[in-house]
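I opened this structure to look up a few things. My notes follow, one topic at a time.

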Amino acid sequence: MFAGAMAPRTPSFNEADVSDKPAPIRNFPLLTSTQIAAIDHEYQTRLESLQALDEGIERIVEALAERGELENTYIVFTSDNGYHLGQHRFLNGKFQVYEEDIRVPLIIRGPGVQAGATVEQMAVNIDFAPTMAQWGQATPDRGMDGRSLMPLLGGGEPQNWREDFLVEIFRHLPPSQNGDVILGLRTEHELYV
């Protein structure tokens, strides 16, 4: 279905100059044509697999509409991680601190959500529980770390919205090693690791 699709060639794809990167990345060689072909194949198969998801979503939306519940239902699309395909000379995966790995899609549709709007404020997964509690008119019996996204979704400008968030990546290594913990602070324009 997507024959010939190529992974996006972002400026960081098979990055030519990694002199500003940490030593382990500076030592990575450029990706070979064989590796790039494998990345493109993976990208194509990922696009193809999404077709089943698109079809499933269509059936859910149609069923909600037929029952008269679509306008009373929130639909949320997101992921637990980003994914790199050739960026910064990495083949593929998700355990790095670069934007490709820490930025995830978040699409929300439902009552009170401004159609077609893009929100610039930072949302994180700890915001889902307070948001869903508000949607369900539930009163949590304990404090929650996040904030409801509803003020953002309705097109408002909430006061004192977060300006940064903690990035935590835990990579597992062989049992003889302890693993790798990476901590970072992400702001609107910077990432400190």
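**Entry 1: salt bridges**

I began with the term: a salt bridge is a side-chain nitrogen of Lys or Arg within 4 Å of a carboxyl oxygen of Asp or Glu. The model is predicted, so local features need pLDDT of at least 70 and side-chain atom pairs count only at pLDDT 80 or more, while totals for chains, interfaces and linings use all residues. Residues are numbered from 1 along each chain as its sequence is written, and side-chain values use heavy atoms, with hydrogens and water left out.

How many salt bridges does a search of the whole structure find? I got eight.

I looked up Asp40 and Arg9. They form a salt bridge, and their closest N and O atoms are 2.7 Å apart. This pair links distant parts of the chain: Asp40 sits in helix α2 and Arg9 in the segment before α1 (23-26), 31 residues apart. I take helices (H or I, at least four residues) and strands (E, at least two) as DSSP runs, numbered from the N terminus.

Next I checked how covered each partner is. Buried means under 20% relative accessible area, exposed means over 50%, and partly exposed is in between (1.4 Å probe, protein chains only). Asp40 is buried because its relative accessibility is 13%. Arg9 has 38%, so it counts as partly exposed.

Then I turned to Glu71 and Arg109. Their side chains meet in a salt bridge at 3.2 Å, N to O. Glu71 is in the loop between α2 and β1, Arg109 is in strand β4 (residues 106-109), and the two are 38 residues apart. Glu71 is exposed, at 59% relative accessibility. Arg109 is partly exposed, at 31%.

My next pair was Asp127 and Arg162, whose salt bridge is 2.7 Å, N to O. Asp127 lies in the loop between β4 and α4, and Arg162 in the loop between α5 (150-153) and β5, so the pair ties together parts 35 residues apart in sequence. Is Asp127 buried or exposed? It is buried, with a relative accessible area of 0%. I also noted a network: salt bridges that share partners join Glu15, Asp20 and Lys21.

**Entry 2: helix α2**

Which residues of α2 are buried? I listed Ile36, Ile39, Asp40, Glu42, Gln44, Gly56 and Leu64. The buried residues of α2 pack against β1 (75-78), β2 (84-85) and β3 (92-93). Contact here means heavy atoms within 4.5 Å.

Leu50 is also in α2. Its relative accessibility is 39%, so it counts as partly exposed. Just after α2, I found Gly68 with a positive phi of about 75°.

**Entry 3: aromatic pairs**

Rings of Phe, Tyr and Trp (its six-membered ring) pair if their centres lie within 6.5 Å; planes under 30 degrees apart count as stacked, over 60 as edge-to-face and the rest as tilted. My search of the whole structure found three such pairs.

Tyr74 and Trp135 are stacked because their ring centres are 3.8 Å apart and their planes lie at 5°. Tyr74 is in the loop between α2 and β1 and Trp135 is in helix α4 (residues 128-135), so the pair ties together parts 61 residues apart in sequence. Tyr74 is partly exposed, at 25%. Trp135 is buried, at 19%.

The rings of Phe90 and Tyr98 have centres 6.5 Å apart and planes at 50°, so this pair is tilted. Both residues, Phe90 and Tyr98, are buried. I also saw that ring pairs link Phe28, Phe90 and Tyr98 into a cluster.
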